[in-house]
Amino acid sequence: MKPRSRRDTWRLLVLIAPSLFWLLIFFLVPLVMVLVISFGQRGTYGGIVWDFTLSNYARFFDPLYLRIFGRTAGIALATTVICLVGGYPMAYFIATRPPRWRNTLLLLLMIPFWTNFLIRTYAWLLILRDQGLVNMVWTGAVHNLFLHLATAYPAATLFSSLAGLTSVPLELFGTNGAIIVGLVYAWLPDMVLPCYAAIERLDFSLVEAAQDLYANRVKSFLRVVLPLTMPGLVAGSVLVFIPALGAYVTPDLLGGAKSIMIGNVIYSQFMSARDYPFGSAISFVLMAIMLIATLIYFRLGSD
Amino acid sequence: MKRERQLKGRRGRWLRHILTAHGLVSYIFLYFPIVVLVVFSFNASRYASAWRGFTLEWYVSLLQDAAIGAALKNSLIVAGGSTVISTVFGTMVALAMERYDFSGKLAFDSLLYLPIIIPDIVMAVMLLIFFVLAHAQLGLVTIIISHVAFNISFVAVVVRARLAYFDLSLEEAAQDLYANEWQTFARVTLPLIMPGILGGALLAFTLSIDDFVITFFTSGPGSSTLPLRIYSMVKLGVTPEINALSSFMLIVSMLLVLLSFVLRKGGEGEIEIV
Amino acid sequence: MEKRLTGYLCVSLLALLALVVLVACGGADDGDAGGDSGEPELASELHLYNWSEYIDPEVLTMFEDEFGVHVIEDTFANNEELLAKLQAGASGYDVIVPSDYMVTTMITSGLLAELNHDNLPNLVNLDPLFADPPYDPGMVYCVPYLWGTTGIGYNADALDQVPDSWAYLFDPELAAPYAGQITMLNDEREAFAAALKYLGYSVNSTVEEELMQARDLLIQQKAWIYAYDAEQYEDLLSADETLLAHGWSGDVFMVAEEDERIWYVIPQEGAVIWADNLCIPRSAPSQYTAEVFINFLLRPDVAAMNSNFTWYASPNAEATELIDAEILAEPAIYPPPEVMEQLEWLEDVGEAAPLYSRFWTEVRAAGP
């Protein structure tokens, strides 16, 4: 409703004033600062030279940074797709359980999600390292098995070559794959929950009707279930894509600092190269992409 | 039940089995790393990959680690402080946004949503620049300010979800019974939206205590929080002490999840997880 | 409505201004705290910003017991991070520990306070060799704390011979057998220094052509690198995850103390020699307390404790007789004169700094 009286107006003011101030000063002002600085230049010793230039944005289109950005987008996209392919059926599974089961399953989904993010990443470090769990099994039990088989059946060269293969650890740590696993693990619940909310709201009598009409499960899924749950699916994708695109801890820890993403470039512009203007420019580009992604989400969501 | 019937027939049964198997595998994927963490927190080996016998050594050294204690204290101060401020402000703004129309509402609404969708690293960078140019001394205060800056938005979203289900006639009824505005708010409105407020507070607390990136950029001398401490421990090398810490935190987070579930059951308002 | 809105916008803007001013003043006030008003007094606490595991914890306890000053230690991972935090206005640290070339940068940037030598009587204990460092003649801004070299840590059991050349990290034939079991320091200056030394150039090269060669070498080397790491490479050696590690002498020796398979060597082509220094930022809350602390660290017994703990060489001549014989006798810690001649200090590269950081980004961005 519109504020009807002076009193109402005052009440409205009192209610929004604290948040308004906080967001103006500690969010909007910093945001504008970043924008302004992104047009400045780095001084020799890392200060900011106030010289209007677009060179920081031009630098973003340098092949080096485009390459890093391309890799980042690829990793974020792969993460989103894997979360989608894994998370949607999972959400469907939860939503089709009896109600009392549903709550327990949701609870179970959220417990790992609420542990510290760094600890969740660290857990994968324990699993993927060269001396980690996977490789302990690979160079231990699996290797021994093939050694046994190779001595038992010397004729089968397959076993001895497999034994050779398993004698060295798999290259898991420090790869893009490791980063993707870490990101999927961190953000999977973000995909499942919105999908679950959408599927749970679905009127299954519509699905039955569709099945009677099309008499084809795939068709009824594609024409009825999928479009009706699209908002949840899109919301989940945006919720996974955004943090994956801005990730910087995961590539640092699971990527062995060998595979850098755009978040690491921003970090190093501020924490080692001390090139605030360029770091600001990249941040702004990244934010613009997020905004576009979110607008797409609202567009699709409102349809 | 319709839901049970919809996958009928032979092929339906197969699909159902696949779905169940997929669900099972997904949960194993979610819990496997956690089980590994907990199991290896009892491992006598320093390098944590091979099993060398049972020990409680890591829990003992964890309890004696003064740096962890200090970091935990900082974390609680930051999370507590930012939760209280952002819950009060966020609830107020949620009330305003749900109840009033005013010019500039759309712009303010967008401003309110922005901290949710902006990537952590960008927000961290923004705040760092701001504090540098304002010549503020980095420390617990700057961390709390930063956390409130993103938490207001999360609290507002959660409380607004709850307010959307609010029946205004209840307030009118109270006022018909000669309750003044303040009494109406304290006795009717507040209790009814309380689950939403608590849910928002809980979310704010979790986000705050979990935050690494923004805290890292806005922290100063002696203000390391638990995530910062964990990060430097992880960087310094794998040690079962981190596993022991993880087990502790797992128990705490389980309690928090349970608590949030109880709170959410109090109201049927659907909270989207952000 | 229009009027009201303007009204409340005015109010908000005013309040906003007031708050910004408040924040700014708050910052300025803190900067001035501890000014020189009369008799110097010890503060109740001291903030030390240090490398990780770089001081004997016992030393901190001793200082607390003797002077009643509680020491709070925070750690940083590399010189660039230290500088960034300091430039970002992290005022509140009393004592920081930058390396040589970073001292130059910090002096140029006006971040360091001049030391009052009256409060540092223990300076006489320093070895004359370190008492007049090239990066800070006359010790105006800093006092050398510990020094060491950057070389190669290795697992002696797994290698047939001592990897006494950078070729073991860079030559395709020598390094390939250890593919996936080598770490390089995640530190742009050090990584480039190793590559430049291997190529026969100065570690402080500002010649673009030479730096490009070093960059290409590092990119080529990336195929057999397990990780870029400056914090736990020595543990990775001991945990059998790696066999060769580009690293700092003391870090490796610290692990070698417990794991006899691990050892350290200074490559024959020469290497980086460095010294970390105790400095006081201009923004330090209490310069006097900081000076008392630095003076304490210069005491022979304390300096020896830190050397024994970190396995780094001490510039403190008086401490020598208190340092473990094992450390003193190790040529990779206290190198003989002919090796000393091969060592080179890292210097501030000034205008070439962006080039280094760009090439380092290129190295890290290479690959799939």
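Chain C is divided into domain 1 (45-147 + 274-334) and domain 2 (149-273 + 344-365), with bounds that come from an automatic or database domain assignment. The model is predicted, so local features need pLDDT of at least 70 and side-chain atom pairs count only at pLDDT 80 or more, whereas totals for chains, interfaces and linings use all residues. Residues are numbered from 1 along each chain as its sequence is written, and chains are lettered from A and ligands numbered from 1 in the order in which they are written.

**View 1. The two domains of chain C.** The C-alpha centres of domain 1 and domain 2 of chain C lie 26 Å apart. In contact across this boundary are 15 residues of domain 1 of chain C and 19 residues of domain 2 of chain C; two residues are in contact if their C-beta atoms, placed from the backbone, lie within 7 Å. On the domain 1 side, α4(C) provides the largest share, four residues. This side comprises nine nonpolar, five polar and one charged residue. Ala, Val, Leu, Ile, Met, Phe, Trp, Tyr, Cys and Pro count as nonpolar, Asp, Glu, Lys and Arg as charged, and the others, Gly among them, as polar.

View 2. Strand β4 (residues 142-155) of chain C is mostly covered, as 14 of its 14 residues are buried. A residue is buried if 20 or more other C-beta atoms lie within 10 Å of its own, exposed if 12 or fewer, and partly exposed in between, with C-beta atoms placed from the backbone. Helices (H or I, at least four residues) and strands (E, at least two) are DSSP runs, numbered from the N terminus. Two strands pair if DSSP finds at least two bridges between them. β4(C) is joined to the antiparallel strand β9 (residues 272-279) of chain C by eight bridges, and there C:W147 has C:A275 as its bridge partner. Five bridges link β4(C) with strand β7 (residues 244-248) of chain C, also in the antiparallel sense; here C:G151 is partnered by C:G247. With strand β8 (residues 262-265) of chain C, β4(C) forms four antiparallel bridges, and C:I152 stands opposite C:V265.

**View 3. The side of chain C that touches chain A.** Here 37 residues of chain C are in contact with 31 residues of chain A. On the chain C side, α1(C) gives the most, with seven residues. The residues of this side divide into 15 nonpolar, eleven polar and eleven charged.
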